[in-house]
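Here is a friendly walk through one protein model, from the whole chain down to single residues. Have a look at it first, then read on.

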Amino acid sequence: MTITEQPGASQVAPGEMSPRRAFLNPAYDIEREPLETRRTSQWYAKPYRRRISEYESLLLYAQSAPDWIPGALGVGGFCNKFSGGRAPWENYTTEAKSSDWFVFRDPSGRGQPTYVAQKAEENAEAERMFSAFADQQMYRDLDREWTFDVIATALGAFAHHEYGLFGTLVGAPARDVFTDVLRQAVITGAIDHLDNAEMIQAEKVFLSKNVDGFSADVAPAREFWLSDPAYRTAREIVERLWGDVYDHIEIIFAVFMVHEPLFGRFARQQFFHRLAPLHGDQLTPAIMWPTITAGDIDAKWAFELFGHALGQDPKFGDHNRALMRLWARDWLPKSVAAMAEFAPMFARTSTLRSHVSAEAVNEAATLVIGDWARRYAPIFGFEVDVDELVKSVTDAIAAVR
């Protein structure tokens with residue numbers, strides 16, 4: 001700042017000095033109102049909340065997006081193609097439509113750094129749990145029928161179910177979704193299922209080192225998964241999603257909006273987590289808890305994707321909700337049938353037959369199906385008869401009692 005005379009400045013009294021910035025044209029060196037008075041940063045992407053997060057910065061800043069993806073920056077097409085001429089991403093891989101695919105955000109903001117930190121924390125807790133369980137010899141409280149006839153086979157088979165969902169999600173969905181933000185959600189959701197499968201096997205390895213005669217061999221569990229009626233329809237669902245369904249958004253919908261909140265919750269939460277303590281098993285519920293937490297996180301971003309980004313799209317919302325109803329009519333009966341086939345597991349051991357009544361199974365099925373009808377179905381305007389669906393599940397357990 002230089003103090004100079006301002007010739008011709010009529011507002012300056014004679015003999016007084018006025019500040020003026022040096023080297024500027026005095027004709028333009030005047031007071032002006034700023035174009036913007038808010039002291040906020042301008043982002044290259046619309047933040048999910050007030051400020052842009054690290055999660056958004058990492059995923060959106062370098063997002064390569066061809067100009068045919070609505071909401072993209074429009075950088076043209078891709079140079080690389082598959083043999084035959086197909087581009088790496090194409091808009092014919094889903095029937096879902098959006099006027100802006102980039103509007104989706106994971107409300108939990110799980111990016112790679114936060115996800116790795118979460119898993120490191122869970123693994124450290126699991127290590128402490130295994131150590132304390134062994135030091136206190138808590139495995140002596142385990143009911144042998146539950147240990148050898150459920151954990152070794154049925155729980156081990158559930159690990160195959162979880163690995164199947166992992167394979168389903170890291171196939172077409174992880175590759176074909178149009179934005180890195182959705183890709184991150186799909187991949188972390190897939191690894192949630194892989195992590196559960198690995199923790200189930202880790203439990204079996206731990207028990208094999210502490211319980212006489214218990215084996216961590218995967219063969220009995222694999223055979224149970226492939227041949228036991230308890231998993232017949234669940235296995236068919238996984239196989240169809242992994243190998244037959246072309247639409248990557250339909251796969252995501254079927255997993256996170258139908259199958260997981262129905263069959264997944266029924267088996268994981270209502271059976272393994274809730275009934276294991278009746279057999280002196282405090283280990284299985286602890287193994288299941290991180291997956292229950294992950295399921296809640298995945299449900300939140302599934303609600304955001306199907307309830308907001310697609311279901312409330314200003315241009316294609318009606319189309320997408322009709323599409324979801326079509327998908328639900330296909331996948332809902334299958335997942336409920338999987339629940340019905342799994343229901344006889346509630347009478348698998350003598351302890352269950354004496355402590356878990358048919359009414360208790362009815363309550364578990366009502367809770368799971370009722371919550372789905374209350375939380376999920378309204379997102380796309382789907383009506384279900386909860387009592388009829390519950391009856392189809394409880395009839396299966398009544399047949400074996």
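## The big picture

Of the contacts (heavy atoms within 4.5 Å) that link residues at least 6 apart in sequence, 76% join residues at least 24 apart. This is a predicted model, where local features need pLDDT of at least 70 and side-chain atom pairs count only at pLDDT 80 or more, while totals for chains, interfaces and linings use all residues. Residues are numbered from 1 along each chain as its sequence is written, and side-chain values use heavy atoms, with hydrogens and water left out.

The protein has 13 helices and two strands. Both kinds of element are DSSP runs numbered from the N terminus: helices are H or I with at least four residues, and strands are E with at least two. Out of 401 residues, 49% are buried. Here buried means under 20% relative accessible area, exposed means over 50%, and partly exposed is in between, using a 1.4 Å probe and protein chains only.

Let's start with H3, which covers residues 144–170. Its 27 residues should span 39 Å at 1.5 Å a residue, and the end C-alpha atoms are 37 Å apart, so the two agree. The expected span is 1.5 Å times one less than the number of residues. H3 isn't straight, though: at Val150 it bends by about 40 degrees. That bend is the angle between axes fitted to the seven residues ending at a residue and the seven starting there.

Most of H3 is covered, with 20 of its 27 residues buried. At its start, a side-chain oxygen of Asp143 comes within 3.1 Å of the backbone nitrogen of Glu145.

Gln137 sits in the loop between H2 (112–135) and H3. Although Gln137 is not a glycine, its phi is positive, at about 50 degrees. Gln137 is partly exposed, with a relative accessible area of 33%.

## Where H7 meets H10

Next up is H7, residues 232–243. It has twelve residues and reaches 16 Å from first C-alpha to last, close to the 16 Å expected at 1.5 Å a residue. Which residues of H7 are buried? They are Thr233, Ala234, Arg235, Ile237, Val238 and Leu241. As a general point, an α-helix has 3.6 residues a turn, so residues three or four places apart point the same way. The buried residues of H7 pack against H3, H6 (219–227), H8 (248–275) and H10.

H10 takes in residues 317–342. Its 26 residues should span 38 Å at 1.5 Å a residue, and its end C-alpha atoms are 36 Å apart, which agrees. H10 also has a kink of about 30 degrees, centred on Ala328.

The axes of H7 and H10 come within 7 Å and cross at roughly 145 degrees. These axes are lines fitted to C-alpha atoms over the stretch in contact, and the angles run from 0 to 180 degrees between N-to-C directions. On the H7 side, the contact uses Arg232, Thr233, Ala234, Ile237, Arg240 and Leu241, and they meet Asp330, Trp331, Lys334, Ser335, Ala337, Ala338 and Glu341 in H10. By type, the residues of this contact are six nonpolar, two polar and five charged. In that count, Ala, Val, Leu, Ile, Met, Phe, Trp, Tyr, Cys and Pro are nonpolar, Asp, Glu, Lys and Arg are charged, and the others, Gly among them, are polar.

| Residue | Relative accessible area | Touches |
|---|---|---|
| Pro173 | 0% | Thr168, Val186, His248, Ile251 and Ile252 |
| Asp192 | 3% | Arg110, Tyr115, Lys119, Ala294 and Asp298 |
| Thr291 | 7% | Glu162, Asn196 and Arg268 |
| Ala377 | 0% | Trp372 and Phe382 |

So where do they sit? Pro173 is in H4 (residues 172–176), and its C-alpha is 7.7 Å from that of Arg183, ten residues away along the chain. Asp192 belongs to H5 (residues 180–208). Asp192 and Lys119 are 73 residues apart in sequence, yet 9.3 Å apart in space, C-alpha to C-alpha.

Thr291 lies in H9 (residues 283–310). Ala377, by contrast, is in the loop between H12 (358–375) and H13 (386–398).

Notes: Polar contact = N/O pair within 3.5 Å; in protein donor to acceptor, adjacent residues only side chain to side chain.
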